[in-house]
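This report is meant for a reader who is meeting the structure for the first time. Please look over the sequence and the model below, and then follow the text from surface to side-chain pairs.

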Amino acid sequence: MTNAYWFGLPKEAADIVRRMMGKGPLPDDEVTRRRAEEEQTAAMLATVSAEDLAAFRAGNESPLAKALASLGRRVDLCNANSPGGQNPSLQG
C-alpha cells in the first residue's frame, strides 16, 4: 500500500493556477549553461572579421545581411590596408 496520492484539477482550474504561478525560475544548471554559452559566443565574436560578425548578427540570406556583410568586407579591407592595421576614420 502506498501513501502517494495524485489530485487532478479541471482544465480551467489548472489554467488559472498556471497563470497565477507563472513559469517559475530557471534551474541553476540552465542558468549556468546559458551564461557559459554567452561567454563563449562573446569570446568567439571578439576574434571574427567585421564581415563574419555582420553575417552572424543579421543572418546570411536577407538583403540586410548581404549589405552588412559587404560593408564588413570593406571595413576589413580598410583595416588590413591601413598602416596600424586599423582605419583611424572608423574608430570611435
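This is a predicted model: local features need pLDDT of at least 70, side-chain atom pairs count only at pLDDT 80 or more; totals for chains, interfaces and linings use all residues.

Because exposed means over 50% relative accessible area, Leu9, with 54% relative accessibility, counts as exposed.

How many salt bridges does the structure hold? There are six salt bridges in the structure, and several of them are described here one by one. Side chains of opposite charge can pair when their charged atoms come close.

Asp15 takes part in a salt bridge with Lys11, with a distance of 2.8 Å from N to O, and Asp15 also forms a salt bridge with Arg18, where the closest N and O atoms are 2.8 Å apart. Why are Asp15 and Lys11 separated by about one helical turn? They are separated in this way because they stand four residues apart in helix α1. Asp15 and Arg18, in turn, are three residues apart in helix α1, and therefore they too are separated by about one helical turn.

**Charged pairs in helix α2**

A further salt bridge joins Arg33 and Glu37, whose closest N and O atoms are 3.0 Å apart. Both residues lie in helix α2, which covers residues 28-45, and they are four residues apart, about one turn of the helix. Arg33 counts as partly exposed at 42% relative accessibility, and Glu37, with a relative accessible area of 45%, is partly exposed as well. Through salt bridges that share partners, Arg33 and Glu37 belong to one network together with Glu30 and Arg34.

| Salt bridge | N to O distance |
|---|---|
| Asp15 and Lys11 | 2.8 Å |
| Asp15 and Arg18 | 2.8 Å |
| Arg33 and Glu37 | 3.0 Å |

Notes. Residues are numbered from 1 along each chain as its sequence is written. Side-chain values use heavy atoms; hydrogens and water are left out. Buried means under 20% relative accessible area, exposed over 50%, partly exposed in between (1.4 Å probe, protein chains only). A salt bridge is a side-chain nitrogen of Lys or Arg within 4 Å of a carboxyl oxygen of Asp or Glu. Helices (H or I, at least four residues) and strands (E, at least two) are DSSP runs, numbered from the N terminus.
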